[in-house]
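Q: Could you walk me through this one? I have not looked at it before.

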Amino acid sequence: MADKIKHLGIFLFDDVEELDAVGPWEVLSFWTDRWPEDGWKVFTFSQTGGEVRCAKGLTVRCGYSESDRPDLDVLVYPGGRGTRTHLVDRARLDWVQRLAEEGTLMTSVCTGALVFAAAGILRDGPATTHWAALDQLAELDPTIDVRGDDRFVDCGDTITSAGISAGIDMALHLVARLAGADRARQVRRGIQYDPQPPV
């Protein structure tokens with residue numbers, strides 16, 4: 001068992017895209033539940049705690065609020081319609097910037113990357129997002145090297161992923177980065193993630 005438990009927090013908000021959050025949750029919770037000796041735990045949180053209504057109507061109860069959550073070692077910032085207001089929410093952008101400055105590993109799914117771009121933490125590096133938001137990503141910060149063909153992009157301090165289902169790939173990459181490729185393969189097999197689209 002690791003000396004100190006480290007924490008991955010998935011940030012939830014109204015109109016978050018369901019799979020953006022639940023896909024990484026499935027990967028990360030399977031990992032942390034089955035292999036606690038790796039020393040990681042995952043939780044969900046929102047600004048005020050309680051219930052969040054997702055983009056397609058699913059209601060989710062958050063584990064914590066921003067004020068009572070554990071310390072964050074890794075943040076997962078999903079996308080969805082709810083991110084649109086975050087792009088002009090100075091307090092939210094300052095919070096993102098502060099977490100990055102404190103050394104939190106900042107990861108995003110889909111249009112969560114737009115929030116990171118608006119906060120200035122993707123400057124001068126490569127990043128990706130949902131295919132329909134690639135132009136907006138470039139507009140928010142023209143210094144970003146937009147990688148429209150990549151499922152995810154790991155820049156060291158930030159990891160961005162493309163739309164929706166790509167968050168599962170990003171989360172498996174995160175497991176590989178934090179606990180090794182063999183562990184990530186065990187998790188992938190455990191959740192039976194073998195993408196072979198039928199159409």
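**Overview**

A: There are 7 helices and 11 strands in the protein chain; helices (H or I, at least four residues) and strands (E, at least two) are DSSP runs, numbered from the N terminus. This is a predicted model, where local features need pLDDT of at least 70, side-chain atom pairs count only at pLDDT 80 or more, and totals for chains, interfaces and linings use all residues. Residues are numbered from 1 along each chain as its sequence is written, and side-chain values use heavy atoms, with hydrogens and water left out.

Q: What does the C-alpha trace span along its principal axes?
A: The C-alpha trace of the protein chain spans about 45 × 40 × 35 Å. A compact globule of 199 residues would have a radius of gyration near 16 Å, and the protein chain agrees, with 16 Å. That radius is taken over C-alpha atoms, and the globule rule is 2.2 Å times the number of residues to the power 0.38.

Q: How many of the residues are buried, as a percentage?
A: Buried residues make up 51% of the 199 in the protein chain. Buried means under 20% relative accessible area, exposed over 50%, and partly exposed in between (1.4 Å probe, protein chains only).

Q: Which order do the strands of the open sheet take?
A: The order is 5-2-1-6-7-11-10, 7 strands with mixed pairing. Strand 5 and strand 10 (152–154) stand at the edges with a single partner strand each, so one side of each has no neighbour in the sheet. Two strands pair if DSSP finds at least two bridges between them.

Q: Which strands is strand 7 joined to?
A: Strand 7 runs parallel to strand 6 (residues 74–77), with 4 bridges between them. Another 4 bridges join strand 7 to strand 11 (residues 158–161), also parallel. Thr107 in strand 7 stands opposite Val76 and opposite Ile159 in strand 11, while Val109 stands opposite Ser161 in strand 11.

Q: What does helix 1 lie across?
A: Helix 1 (residues 18–34) lies across strand 1 (6–11), strand 2 (40–46), strand 6 and strand 7, and runs at about 150° to strand 2. Axes are lines fitted to C-alpha atoms, for helices over the stretch in contact, and angles run from 0 to 180 degrees between N-to-C directions.

Q: Switching topic. Where is Asp169 found?
A: Asp169 is in helix 6 (residues 166–179). Asp169 counts as buried because its relative accessibility is 18%. Leaving aside neighbours within four places in sequence, Asp169 is in contact (heavy atoms within 4.5 Å) with Arg151, Phe152 and Tyr193. Other buried residues of helix 6 include Ala166, Ile168 and Leu172.

Q: What comes just after helix 6?
A: Gly180, which takes a positive phi of about 100°.

Q: One more residue: is Cys62 buried or exposed?
A: Cys62 counts as buried, at 8% relative accessibility. Cys62 is found in the loop between strand 4 (59–61) and strand 5 (64–65). Beyond neighbours within four places in sequence, the contacts of Cys62 include Leu12, Thr44 and Val52. Cys62 and Ile10 are 52 residues apart in sequence and 9.4 Å apart in space, C-alpha to C-alpha.
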